[in-house]
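Dear colleague,

Here is the structure I promised to hand over, followed by my notes on it. Please read the notes with the coordinates open beside you.

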Amino acid sequence: MADRVECGSEVDRPLRVAIIGSGPAGLYAAGHLLEQPAGTYLDRKVVRLVSRPVEVDVYERLLTPWGLVRSGVAPDHPNKKLVSRVFDRVAERQGFRFLGNVEVGTDIGLSTLREWYDAVIVAVGAIGDRSLGIPGEDLAGSWSARQFVGWYNGHPDFRDLEFDLSGETVAVIGNGNVALDVARILLTDPLDLGRTDVAEHALTALAASNVREVVILGRRGPAASAFNCAEFEELGHLPGIDVKIDASAMDMQDLAADWHVMRRLTLLNDLYRRPLRGDRKVIRFRYCAAPVEIVGDAKVTGLRIASGATADGTTPAQISMLPCTNVIRAVGYRCHQFPELPFDAAAGVIPNGQGRVLLDGKPQTGLYVTGWIKRGPRGVIGTNKKCARDTVRSLLADLQDSGRARHAVADFAAIPDMLREMGLQPTTYDDWRRIDRYERRYSRAGGRPRVKLTRPQELLGAALR
Ligand SMILES: Cc1cc2nc3c(=O)[nH]c(=O)nc-3n(C[C@H](O)[C@H](O)[C@H](O)COP(=O)(O)OP(=O)(O)OC[C@H]3O[C@@H](n4cnc5c(N)ncnc54)[C@H](O)[C@@H]3O)c2cc1C
Ligand SMILES: NC(=O)c1ccc[n+]([C@@H]2O[C@H](COP(=O)([O-])OP(=O)(O)OC[C@H]3O[C@@H](n4cnc5c(N)ncnc54)[C@H](OP(=O)(O)O)[C@@H]3O)[C@@H](O)[C@H]2O)c1
């Protein structure tokens, strides 16, 4: 490998950066690094952050890029996926390379990447679930939203899950945007869903579903809901679906709230007062309803809920049972420890200062984080743009200060071959374009925007056609 290691001065070779993860955070970071000649928008001006050419490798464990933009964003929200065009433009820039089908930490160690590049940015998102810590969480029919979302979006890790949708009622725990996505997808008319890029296997299962009622449970009052107003308002316009707000919610409104909360409460009032259309399907909101047990023998038959307790303890909670056949726990994702890196288990992030990985409070040379693994699993796609810019600014400041860019790194052109010599089969951005074209072409007959390939072998087949 020695002949593939080159030693260049800061002026005579590009800066080499590996980014792990091709979600919004990773792609925004690549975009900031490859800003030339356009520059980066900062403090209301366009400035040049980078003073020398940069070469970026984006490593991705899947064969497809864009992270949760492909496997998280709901299929009935196609406009949110248009951001992938921004990422396409980044990927087409000089110096960008996509290395799909390579899982860092499993297929190749982080320490190897640290030898090959001037800097490594970890942007792996959240690959786990926040736990409820109540009995019955592991029963059949109790799912994390991450599993259900991954399944309907055709993520290869989840495509073989089997959801029994023969019962009429599903309980969704949590009051975030993901809970609303899950409720809509469970109840949307299959004809409408069939005009989206929902995964084919999910479309078939949802078309045969008996689910008629989704009960969304907030453990606090409506003022504390985490979902956005636009997403909440949308529920009132869904064809064939009535929204019912429990009357108790009308007593829980905090009039001192900020305008976001006031707007949400106004929407809640509108929905509450709106005459029901008598639609066959219902989304029902219950508040101050904390899950205490997921009940069932072999599989879920109900959810035990504590509700109505006052904060001062003067009124004890009342326990009630919600009969249901599935419980979907939409209580947030959770980041996991990344091999060879420190992890703050309490905060659920890689400890960092302005994106610099910290070990015992000290920044680790050439190691950075961005996105959900840096901040925790919250924030919309756009939030990751500023987050990535802050990380890239730290990286550039460090490399200028330390002159680390002068150390020996791998020959950029040789890296794909070096990966193949390790027995890996990295895929390229052109391979992804072939997958993309194949998925879109295949969909035309059915009038869908795309029909996703969901098995690694199918994806590899389309990539290498
Ligand atoms: C269900 C859901 C729906 C959402 N919908 C919206 C929406 O409609 N609008 C909106 O603005 N925001 C939405 N968001 C939020 C948005 O998706 C996130 O803010 C954003 O995706 C976080 O970006 P990220 O790059 O940190 O993580 P991710 O998007 O998760 O990307 C991480 C990437 O790293 C890869 N990876 C992981 N481990 C490795 C490894 N070891 N080696 C190589 N690659 C690895 C993963 O495969 C993935 O591609 C949604 C979130 C969820 C959960
Ligand atoms: N359309 C969009 O723009 C879109 C779509 C999907 C996701 N996203 C974004 O992605 C991020 C993640 O969304 P998310 O919905 O997964 O997470 P989230 O916004 O953090 O919401 C999690 C919800 O779960 C509740 N919860 C947590 N622990 C609980 C427990 N033990 N028992 C009962 N309830 C519990 C929380 O209530 P408490 O407040 O009481 O803790 C909260 O209501 C968010 O930033 C979101 O905006 C955006």
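**Cavity, pockets and ligands**

About 30 Å³ of space lies in the largest cavity, and please bear in mind throughout that the model is a predicted one. A search of the whole structure, with a threshold of 30 Å³ or more, finds one cavity. Its lining is made up of D129, R130, S144, A145, R146, R329, A330, V331, G332 and Y333, and by class these residues divide into four nonpolar, two polar and four charged.

The second largest pocket holds about 410 Å³ of space. Of the 17 residues that line this pocket, K81, S84, D197, R440 and R450 lie nearest its centre, while the elements that contribute two or more residues to the lining are α2 (68-71), α3 (83-91) and α14 (429-443). Sorted by class, the lining of the second largest pocket comprises seven nonpolar residues, one polar residue and nine charged ones.

Turning to the ligands, I begin with ligand 1, which is surrounded by 31 residues, the closest being E60, V104, W372, G379 and I381. Both α1 (24-33) and α6 (177-187) supply at least two residues of this shell, and the residues around ligand 1 divide into 17 nonpolar, nine polar and five charged. Several backbone atoms come within polar-contact range of ligand 1: a backbone N or O atom of G379 lies 2.7 Å from one of the oxygen atoms of the ligand, a backbone N or O atom of R61 lies 3.1 Å from a nitrogen atom of ligand 1, and a polar backbone atom of P24 is 3.4 Å from an oxygen atom of ligand 1. On its own, ligand 1 has 1000 Å² of accessible area, of which the protein covers 91%.

Ligand 2 has a shell of 23 residues, and the closest of them are N177, R219, R220, E231 and G379. The shell around ligand 2 draws the most from α6, which gives three residues, and by class it has nine nonpolar, seven polar and seven charged residues. Among the polar contacts of ligand 2, a polar side-chain atom of R219 lies 2.7 Å from an oxygen atom of the ligand, a polar side-chain atom of K80 lies 3.2 Å from a nitrogen atom of ligand 2, and a polar backbone atom of V178 is 3.2 Å from an oxygen atom of ligand 2. Taken alone, ligand 2 exposes 920 Å², and the protein buries 82% of that area.

**Aromatic pairs**

The last item concerns the aromatic rings, for which a search of the whole structure finds 14 pairs. One of them is formed by F148 and F163, whose arrangement is edge-to-face, with 5.1 Å from centre to centre and 75 degrees between the planes. Because F148 lies in helix α5 (residues 145-152) whereas F163 lies in the loop between α5 and β10 (169-173), this pair ties together parts that are 15 residues apart in sequence.

With best wishes

Notes
Residues are numbered from 1 along each chain as its sequence is written. Chains are lettered from A and ligands numbered from 1 in the order in which they are written. This is a predicted model: local features need pLDDT of at least 70, side-chain atom pairs count only at pLDDT 80 or more; totals for chains, interfaces and linings use all residues. Side-chain values use heavy atoms; hydrogens and water are left out. A residue is near a molecule or strand if one of its heavy atoms lies within 4 Å of it. A polar contact is a pair of N or O atoms within 3.5 Å; within protein, one must be able to donate a hydrogen and the other to accept it, and residues adjacent in sequence count only if both atoms are side-chain atoms. Accessible areas come from the Shrake-Rupley method with a 1.4 Å probe; for residues, only the protein chains shown count as cover. Helices (H or I, at least four residues) and strands (E, at least two) are DSSP runs, numbered from the N terminus. Ala, Val, Leu, Ile, Met, Phe, Trp, Tyr, Cys and Pro count as nonpolar, Asp, Glu, Lys and Arg as charged, and the others, Gly among them, as polar. On a 1 Å grid over the protein atoms alone, a cavity is a set of points where a 1.4 Å probe fits but cannot get out, and a pocket is an open set with protein on both sides within 12 Å along at least five of seven lines; lining residues have an atom within 4 Å of a point. Grid points are joined across faces, edges and corners, and a volume is the space filled by probe spheres set on the points. Rings of Phe, Tyr and Trp (its six-membered ring) pair if their centres lie within 6.5 Å; planes under 30 degrees apart count as stacked, over 60 as edge-to-face and the rest as tilted.
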